[in-house]
Amino acid sequence: MMYDLVIVGAGPAGMTSAIYSARQKLKTLIISKDFGGQMAQKAVEIENYPGFEKITGFDLISKMENQVKNVDVVREKVIEVKKENDIFFLKTEGDKVFQSKVVIIATGAEPRRLNVLGEVNYLGRGVSYCSTCDGPLFKNKEVAIIGGGDAGFETAIFMKNYASKIYILEQEESVKASIDNQKKASGIEVITSARLKEIKGDNFVNQIVFELSGKEKTLDVKGVFIQAGYVPETSFPGDLVELNEKKEIIVNFETFETKTKGLFAVGDVNCGKVKQIVVACGQGATAVIHGYKYI
Ligand SMILES: Cc1cc2nc3c(=O)[nH]c(=O)nc-3n(C[C@H](O)[C@H](O)[C@H](O)COP(=O)(O)OP(=O)(O)OC[C@H]3O[C@@H](n4cnc5c(N)ncnc54)[C@H](O)[C@@H]3O)c2cc1C
């Protein structure tokens, strides 16, 4: 089917693009694996989105989703984008093909895998990247959080609602989380200079092995939450876009257009340095206005 504008990804950048595109009366489609993106992983409240002093990721997602009207929605993964004679062709994992005059890539980022032994084997059986999704499964159990940045600390603070004991392992000599988050993390045991080596168990996780100052140590935990940063999802546009060394899409910062006319990239997926909800929304709005002018 032919559209004026197709958006790939329904995080805050994609949903804002959809709201703006529908208001411009463009025939719009949003294709996304899910609705909400990283906000769905926001275990504690968001305190820096204007208009809401405090709001959970889930509440903000549903408010944005309710505002997306007069837009077709397909819940699938896009695996390829091509351009022929000024028309883009988008192919999904389910082998559907959609055509559009303008495409906005808003595919954000996914949790970084550590590639340690046991990580894949125990995924869903003790290993998780999302405490909001899986936290309640660890009621009265001991858990380890891998990563001492804000995401790791926020996960730990959220897990205080459930876990009997919480460890944070950080591979550097000190943690990077804000002082505010560190203050909220009282009662949590932080182990620095600790490099995770293996996740062990039987049917479910029951131990992690890590290296501390050259010595191998273990902790008996039932849950491992990996919070080691995010990698942009830029595998599918191929040579229609140029990537930087972090595999982020390089864009013109006035229009958010990529090197290909009519192809835009907004939010965490592009090379912008500030990765925040309000920034992603602003870029989505800007790209649609320029996409509209392009059509
Ligand atoms: C734990 C955590 C806490 C955070 N806290 C805050 C905060 O307090 N305040 C703040 O401003 N920001 C916060 N952030 C950052 C904020 O969530 C991101 O900057 C924002 O979500 C980026 O939005 P986005 O739309 O660019 O991408 P994302 O939110 O990553 O959304 C991308 C969407 O694209 C979809 N997708 C990906 N690939 C494909 C594909 N090939 N085909 C179809 N769909 C695809 C995904 O399923 C997803 O729906 C936090 C992030 C995390 C992880």
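**Contacts and salt bridges in a predicted model**

Author: In this predicted model, an oxygen atom of the ligand lies 3.3 Å from a polar backbone atom of A109. Taken alone, the ligand exposes 1000 Å², and the protein buries 93% of that.

Reader: Which element supplies the largest share of the shell around the ligand?

Author: β2 does, with four residues. The shell divides into twelve nonpolar, eleven polar and nine charged residues.

Reader: Why is the pair E80 and K82 called a salt bridge?

Author: A side-chain nitrogen of Lys must lie within 4 Å of a carboxyl oxygen of Glu. For E80 and K82 the N to O distance is 3.9 Å, so the pair qualifies.

Reader: How do you know whether K261 and E257 are buried or exposed?

Author: Buried means under 20% relative accessible area, and exposed means over 50%. K261 has 54% and is therefore exposed, whereas E257 has 13% and is therefore buried. Their side chains meet in a salt bridge at 3.5 Å, N to O.

Reader: Why is K184 called partly exposed?

Author: Its relative accessible area is 39%, which lies between the 20% and 50% limits. D180, its salt-bridge partner, is also partly exposed, at 46%. Both residues lie in helix α5, four residues apart.

Definitions and conventions:
Residues are numbered from 1 along each chain as its sequence is written. This is a predicted model: local features need pLDDT of at least 70, side-chain atom pairs count only at pLDDT 80 or more; totals for chains, interfaces and linings use all residues. Side-chain values use heavy atoms; hydrogens and water are left out. A polar contact is a pair of N or O atoms within 3.5 Å; within protein, one must be able to donate a hydrogen and the other to accept it, and residues adjacent in sequence count only if both atoms are side-chain atoms. Accessible areas come from the Shrake-Rupley method with a 1.4 Å probe; for residues, only the protein chains shown count as cover. Helices (H or I, at least four residues) and strands (E, at least two) are DSSP runs, numbered from the N terminus. Ala, Val, Leu, Ile, Met, Phe, Trp, Tyr, Cys and Pro count as nonpolar, Asp, Glu, Lys and Arg as charged, and the others, Gly among them, as polar. Buried means under 20% relative accessible area, exposed over 50%, partly exposed in between (1.4 Å probe, protein chains only).
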